[in-house]
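Hi,

Here is the structure I promised to pass on. Have a look at it first, and then read my notes below.

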Amino acid sequence: MKKIYAFESKCLGCGLCEVYCKTAHSKSKDIIKAHKQENITSAIVIEEILQPKAVSYFALQCRHCSSPKCVKACISGAMYKDEKGIVRNDKEKCVSCLSCVLVCPFGAIKKSINGKTVSKCDLCIDYGKSLCIEYCPNEAIKLLNENEAEALK
Amino acid sequence: MYDVLFICMEGLMLKEGELRIPSGCAISGIIDKKGNRFNGEEIIKSIALMHDRSNGLGGGFAAYGIYPQYKDFYALHIFYDNLTIKTQTEDFLAKHFDIESAGNIPTKPVPSVINSPLIWRYFVYPRTYMAKEGFMDEAEFTSKCIIRINKDYKGAHVFSSGKNMGTFKGVGYPEDIGEFFMLDTYEAYMWTAHGRFPTNTPGWWGGAHPFTLLNWSVVHNGEISSYDANRRFVEMYGYKCTLQTDTEVITYLFDMLVRKHKIPMRKAIKIIAAPFWDDIERLNKELQNELKSIRSVYANALINGPFSIILGYEKGMIALNDRIKLRSLIAAEKDDRTYIASEESAIRILCNSPDKLWAPKGGEPVIALLEGEQEWD
Amino acid sequence: MGLDFNTPVFEVIRNEKKCIQCQVCVRQCSNKVHSYDSQDNVVCTDDIKCVNCHRCVILCPTKALIIRKYPLEFRENANWTSSVIKEIHKQSQTGGVLLSSMGNPKPFPIYWDRMLLNASQVTNPSIDPLREPMETKVMIGGKPEKLDFDAKGKLMTKMPPQVELRMPIMFSAMSYGSISRNAHEALARAATELGICYNTGEGGLNRDFYKYGKNTIVQVASGRFGVHRDYLNAGAAIEIKIGQGAKPGIGGHLPGKKVGEDVSATRMIPIGSDAISPAPHHDIYSIEDLRQLIYSLKETTNYKKPVFVKIAAVHNAAAIASGIVRAGADAVVVDGFRGGTGAAPTRVRDNVGIPIELALAAIDQRLREEEIRNRVSLIISGSIRNSADIVKAVALGADAVYIGSAAVIALGCHMCHSCSTGKCNWGIATQELELVKRLNPDIMYKRLVNLVSAWNHEIQEMLGGMGINAIDSLRGNRLMLRGIGLNEKELNILAIKYAGE
């Protein structure tokens with residue numbers, strides 16, 4: 001299956017992916033309203049890495065593992081892998097026990113700002129297209145299958 | 001055809017101040033490849049048929065083989081505006097040439113042909129020592145003298161300068177000009193003819209066609225868009241485009257390539273109507289190298305825009321279209337003769353059932369030479 | 001610094017209704033104009049640092065930013081303008097030579113815009129480039145006087161080396177050092193895809209880029225940085241740079257801070273050392289010395305590479321060009337006074353040299369009068385802004401043009417004229433890895449390809465309109481040009497007629 005890959009070598013750390021992630025997952029789907037009126041946690045997170053020569057950035061997002069630990073650890077059955085292989089979180093069922101946050105080996109699941117659920121990448125499946133990819137100014141984020149991603153590394 | 005005339009301003013000829021006169025044209029040519037000579041009636045008939053392609057503002061003929069008795073002399077045909085310039089020009093001629101014979105060219109009155117200049121003919125031979133002093137051969141010397149007269153002697157115009165050939169031209173319909181010059185009294189193995197349709201009135205006999213230099217004559221239908229690129233190119237090699245017509249520059253290009261640079265005619269044609277780069281890419285390495293060299297070195301000699309020309313020289317005639325054939329040109333063969341004309345009818349009227357009749361493709365020459373001649377000699 | 005007369009040049013206006021405090025601007029501005037105040041949850045700006053490069057404006061997801069000219073006015077004075085006053089303030093504070101980047105911005109006449117092109121109507125047909133072949137290929141290099149064929153019609157002349165360009169456009173010399181590695185990669189890849197050439201500038205050629213050699217012109221300038229046998233043989237042609245339009249008579253200076261490990265290795269100078277190119281070549285004090293350098297380079301490359309010589313368009317350019325041809329160059333490159341630069345003394349940039357249009361017309365005419373025009377190719381540069389400029393340049397007599405400013409604009413440059421600071425927010429004129437990264441060669445080479453292909457299409461359209469189907473027939477074809485708003489002298493130098501004539 002295709003997943004979102006972020007390439008450190010291209011990532012500028014501008015944070016636009018976060019802005020658009022929030023927008024895609026907002027109710028209003030409007031950038032300004034999403035940020036000013038809704039409390040949304042970005043599923044993609046830019047981490048700054050201090051390297052010997054320069055700062056570089058690393059975007060964290062869900063790898064949609066083949067046997068996801070988060071699904072196994074989920075106590076309420078909110079975390080599941082859908083028929084396409086996308087690991088998703090059913091916000092209705094989520095009790096915010098944060099077991100998934102604990103077990104995720106990549107740190108790709110975040111506690112929501114509102115504290116009621118968790119936030120993770122769902123490839124913008126409900127929105128229709130992955131906005132972080134669309135708006136990345138440097139083509140650092142791509143939707144690829146594993147082989148393609150490997151080839152680009 | 002682009003015609004660009006002398007414009008004189010305070011005695012200065014404006015090199016780039018030309019008056020450009022676009023026009024349609026008719027061309028026709030006949031050669032007997034065995035060298036048998038025939039009079040001018042046929043070519044007049046052919047060009048007259050295309051009457052509608054001219055408008056009475058220019059017609060002319062080139063005839064090869066007409067002066068066998070003077071075949072070693074350059075036959076200079078000159079238009080003079082007045083007697084003063086005639087005297088001055090003759091002084092120049094006498095200084096540079098031995099004049100074997102001189103006289104006016106016989107004409108007969110034709111009602112529609114008016115305002116004719118003084119028309120003179122000289123059979124001359126260059127003063128050999130002068131040519132040698134200038135490290136030139138006689139042809140180069142002669143051509144330099146002609147270019148000099150046409151450039152510096154205002155009111156004199158050498159309109160024919162080959163050996164055993166001559167040009168006859170003027171303002172009028174070509175058939176009337178033919179009658180005026182009594183072409184039925186000349187016998188040639190090759191004739192070419194031209195009828196003009198300029199959109200403006202030049203009223204100057206020198207502006208009619210064919211244009212000639214030494215043995216070269218060119219009749220041309222078209223309006224070349226590369227004119228100034230070609231002109232500035234040949235002017236680097238000692239030519240002066242005083243008439244500033246397409247035909248003039250085409251003649252100079254052939255003269256430069258074939259006579260001066262000694263490029264075989266077939267290759268010269270590849271320069272004038274160069275093959276497309278894409279076609280070159282498909283050829284073998286050797287041909288590619290040759291054509292790339294040709295297109296690199298002689299890039300500015302490529303003639304662009306619509307043209308159909310008949311180039312006459314002592315060996316015969318060559319007809320050529322621009323490389324995407326934007327002007328009509330038809331060729332036919334019958335026995336020893338090759339016919340070329342703007343329209344098929346102009347051939348059929350002379351030769352009703354040719355052995356072969358075809359429309360040459362753009363950039364593909366029709367080469368009709370006297371028997372035993374090779375275009376790369 | 002107690003008393004500082006500096007005032008902002010630009011004002012950053014933030015629409016608070018639109019600002020979502022995402023801080024993309026904060027993270028993207030290398031000049032640190034924007035900062036985030038977490039206490040008040042607002043993004044603040046420091047106008048004085050802004051160079052107006054538009055990076056923040058373009059990246060702002062809500063388009064909340066506008067940059068304007070700072071509205072501070074001096075008392076109106078046509079003579080003592082605000083820039084004159086500010087320059088004096090700056091120099092009286094620093095005691096230094098004023099530095100500027102990019103090309104001459106002063107309102108001198110732009111002759112390209114005073115020439116109009118011809119088109120066919122009725123008497124000859126225009127040609128439709130979508131239906132007919134339309135050739136824009138050019139061959140750059142020295143040409144023999146004539147071709148010789150043997151009795152069988154076989155070509156005997158051995159052609160000197162030529163650079164084949166699919167279209168008459170090349171990317172100007174911009175050194176690795178003055179621009180980033182990624183910018184170089186984008187230029188090299190675009191040139192390769194387009195079938196044209198880019199130019200290394202005088203900063204040598206990184207080994208990683210030798211693979212683009214067929215599409216590379218390697219430059220030899222007065223500093224001789226990165227010049228060695230492999231380098232000379234790596235490209236399609238060699239260019240000796242005598243001068244540059246933006247700073248005729250002036251050398252170059254790449255500050256040590258831009259000389260990192262990679263630049264140092266490529267230029268063959270120690271890390272962190274200033275790379276100073278002398279004003280003249282110290283082995284060329286005269287034309288005969290130039291001949292020696294031309295032939296040394298030809299010897300080194302076994303006569304397999306054409307050698308170009310580049311000069312700035314100065315008053316006597318025509319005579320100099322003639323000398324260059326006679327010295328054995330295969331192409332003369334002339335760079336007009338609007339040509340760009342990474343850094344030049346402002347006074348030199350704005351006052352030295354002449355317009356390329358006039359220089360080109362004069363040089364082409366002079367070389368023709370001397371009957372040597374066909375021996376060489378003539379390449380011009382110095383603010384070619386669009387395809388019409390190219391068509392006009394070719395009609396005046398150029399074989400090809402170099403584009404520098406237009407190429408960097410395609411790469412994202414917004415002409416903020418701040419290259420010399422090394423803080424280029426678009427990753428072009430910088431060596432800071434974090435900034436260099438912003439120029440993703442995968443994206444940017446395509447933009448260059450798009451730009452040049454688009455121009456080539458336009459050139460083809462204009463050629464077709466003139467009834468010409470090979471650019472060769474436009475070269476030097478000045479009848480295709482008419483002047484407008486020009487005086488007699490200008491018309492004479494350009495050797496064109498006035499519109500309506």
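Before anything else, a word on contacts: two residues are in contact if their C-beta atoms, placed from the backbone, lie within 7 Å. Also, this is a predicted model, where local features need pLDDT of at least 70 and side-chain atom pairs count only at pLDDT 80 or more, while totals for chains, interfaces and linings use all residues. Residues are numbered from 1 along each chain as its sequence is written, and chains are lettered from A and ligands numbered from 1 in the order in which they are written.

Let's start with the domains of chain C. The bounds come from an automatic or database domain assignment, which gives domain 1 (10-96) and domain 2 (138-147 + 164-473). Their centres, taken over C-alpha atoms, are separated by 33 Å. Where the two meet, nine residues of domain 1 of chain C are in contact with seven residues of domain 2 of chain C. On the domain 1 side there are three nonpolar, five polar and one charged residues. Here Ala, Val, Leu, Ile, Met, Phe, Trp, Tyr, Cys and Pro count as nonpolar, Asp, Glu, Lys and Arg as charged, and the others, Gly among them, as polar.

Now chain C as a whole. It holds 15 helices and 21 strands; helices (H or I, at least four residues) and strands (E, at least two) are DSSP runs, numbered from the N terminus. Its C-alpha trace spans about 90 × 55 × 45 Å along the principal axes. Of its 501 residues, 53% count as buried, meaning that 20 or more other C-beta atoms lie within 10 Å of the residue's own, with C-beta atoms placed from the backbone. Among the contacts in chain C with a separation of 6 or more, 68% come from residues 24 or more positions apart.

Strands β2 (residues 34-37) and β3 (residues 42-45) of chain C run antiparallel and are joined by four bridges; two strands pair if DSSP finds at least two bridges between them. H34(C) sits opposite T45(C) in β3(C). Four residues lie between the strands, and N41(C) takes a positive phi near 50°.

Cheers

Note on methods: A residue is buried if 20 or more other C-beta atoms lie within 10 Å of its own, exposed if 12 or fewer, and partly exposed in between; C-beta atoms are placed from the backbone.
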